[in-house]
Amino acid sequence: MTQTAPTPPLAAQTATAAEPVIQMKNVSKWYGQFQVLHEVSLDVAKGERVVVCGPSGSGKSTLIRCINRLEVHQSGDIFVNGLEMTDNVKNIDKIRRNIGMVFQNFNLFPHLTVLENLTLGPMLTRQMKKSAAEELAMHFLRKVRIPEQAQKYPLQLSGGQQQRVAIARSLCMEPEIMLFDEPTSALDPEMIKEVLDTMIELAESGMTMIVVTHEMGFARTVADQVVFMAEGRKIEAAPPEEFFGNPREERTRAFLDQILKH
C-alpha cells in the first residue's frame with residue numbers, strides 16, 4: 001500500500017512557492033576605476049517593504065537604480081519577476097513596465113499641468129485614451145490627497161505637493177514595485193511628514209517597495225527589512241526591531257548612534 005507523504009504546513013508551502021520579485025546576486029558596479037558596489041546581494045519578496053540606509057556615498061541610490069537599468073551593473077545578476085536584467089532591450093522594457101520610481105528632485109515637467117504630467121505616461125506607453133488616463137490620474141491624485149491641484153503647474157505647488165504628484169505619476173503606470181530614491185531629502189522639514197504619510201498609506205496597500213532614506217522613524221514604522229550599506233557593501237540586513245534594538249555590526253551601531261542623535 002502506497003503511503004501519501006504528509007502535507008507540509010501552509011507557511012512552509014508558501015515560503016517554498018514564493019520566489020522573490022527582486023533578486024540581486026553579487027552585484028558589482030564601477031565608475032571607471034572606482035568600485036561603487038561590492039558584490040551586493042538582496043532578495044525582496046512580493047509586498048515586502050525594504051528600507052536602505054547608510055552614509056552618503058555608500059552606494060544606496062546606485063543599488064536601486066541598477067534594478068531598473070538607470071545604472072548598468074558590470075557583474076552579478078539582477079532578476080525582476082524572474083526576468084534577468086541584461087542588455088536585452090525587450091527584458092528591460094518588460095521590467096520597467098512593472099517598476100515605478102520616485103526621485104528626490106521630483107522630475108516633473110514644469111510646462112505641463114499636474115494632470116498632464118500624470119496622463120502623459122499612460123497615453124504614450126499604454127495607448128490609453130485621454131479620458132481614461134485623466135480618470136486614472138484623478139484617482140491617484142485623490143489617493144495622495146491633492147485632487148484640487150490637478151490644473152496647476154508644478155512650480156505653483158509646495159515641494160511636498162510636488163513629490164506627491166511624482167508619486168501619483170508613478171502610480172498611474174500601475175507598477176508592481178515602487179523604488180524611492182531619498183524622496184524627502186529635498187524637502188523642508190514641515191513638508192516631509194505629508195510625503196511620508198503618503199508612502200505609509202502606499203505601503204499599507206501591499207505595494208512592494210524599496211526606499212532609500214535617512215528617515216529612521218519611517219523605517220521603524222513601515223519596513224519589513226532594513227538594509228545598512230557603507231562603502232558600497234551591504235553591511236547588515238534585519239527586521240526593524242532587530243536592526244534598531246540589537247544591531248550586530250559595529251559600523252551599524254556607529255551609524256545609528258550618529259543619525260538618531262539628530
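User: Where is Glu 174 found?

Analyst: Glu 174 is found in the loop between α6 and β7 (177-181). As for these labels, helices (H or I, at least four residues) and strands (E, at least two) are DSSP runs, numbered from the N terminus. This is a predicted model, in which local features need pLDDT of at least 70 and side-chain atom pairs count only at pLDDT 80 or more, while totals for chains, interfaces and linings use all residues. Residues are numbered from 1 along each chain as its sequence is written, and side-chain values use heavy atoms, with hydrogens and water left out.

User: What is the phi of Glu 174?

Analyst: The general idea comes first. Most residues other than glycine have a negative phi. Here, Glu 174 has a positive phi, near 50 degrees, and is not a glycine. Arg 145 is another such case, with a positive phi of about 70 degrees although it is not a glycine. Arg 145 is found in the loop between α5 (130-143) and α6.

User: Now the helices. At what angle do α4 and α6 pack?

Analyst: To read such an angle, picture axes as lines fitted to C-alpha atoms, for helices over the stretch in contact; angles run from 0 to 180 degrees between N-to-C directions. Angles under 35 degrees count as roughly parallel, over 145 as roughly antiparallel, 65 to 115 as roughly perpendicular and the rest as oblique. In this model, α4 and helix α6 (residues 159-171) pack at about 25 degrees, with their axes 8 Å apart. The two helices are therefore roughly parallel to each other.

User: And how do α4 and α5 cross?

Analyst: The axes of α4 and α5 come within 9 Å and cross at roughly 125 degrees, so α4 and α5 are oblique to each other. For handedness, a crossing is left-handed if the near helix is turned anticlockwise from the far one by less than a right angle, and right-handed if clockwise. The crossing of α4 and α5 is right-handed, and the crossing of α4 and α6 is right-handed too.

User: Which residues make the nonpolar surface patch?

Analyst: Patches are made of residues with over 30% relative accessible area and no salt bridge: like charges are joined within 9 Å, nonpolar side chains (Val, Leu, Ile, Met, Phe, Trp, Tyr) within 5 Å. Accessible areas come from the Shrake-Rupley method with a 1.4 Å probe; for residues, only the protein chains shown count as cover. Phe 109, Leu 120 and Leu 124 make a nonpolar surface patch of about 270 Å². Leu 120 is found in helix α4 (residues 114-125) and counts as partly exposed, at 31% relative accessibility.

User: How many salt bridges does the structure hold?

Analyst: A salt bridge is a side-chain nitrogen of Lys or Arg within 4 Å of a carboxyl oxygen of Asp or Glu. The structure holds 13 salt bridges. One of them joins Asp 87 and Arg 69, with the closest N and O atoms 2.4 Å apart. This pair links distant parts of the chain, 18 residues apart: Asp 87 is in the loop between β5 (83-84) and α3 (89-97), and Arg 69 is in the loop between α2 (60-67) and β4 (75-80). Asp 87 is exposed, with a relative accessible area of 63%, whereas Arg 69 counts as buried at 11% relative accessibility.

User: Why are Asp 197 and Lys 193 separated by about one helical turn?

Analyst: Asp 197 and Lys 193 are separated by about one helical turn because they are 4 residues apart in helix α7 (residues 189-204). They form a salt bridge whose closest N and O atoms are 2.6 Å apart. Asp 197 counts as partly exposed at 23% relative accessibility, and Lys 193 counts as exposed at 55%.

Methods:
Buried < 20%, exposed > 50% of the residue type's maximum accessible area, 1.4 Å probe, protein only.
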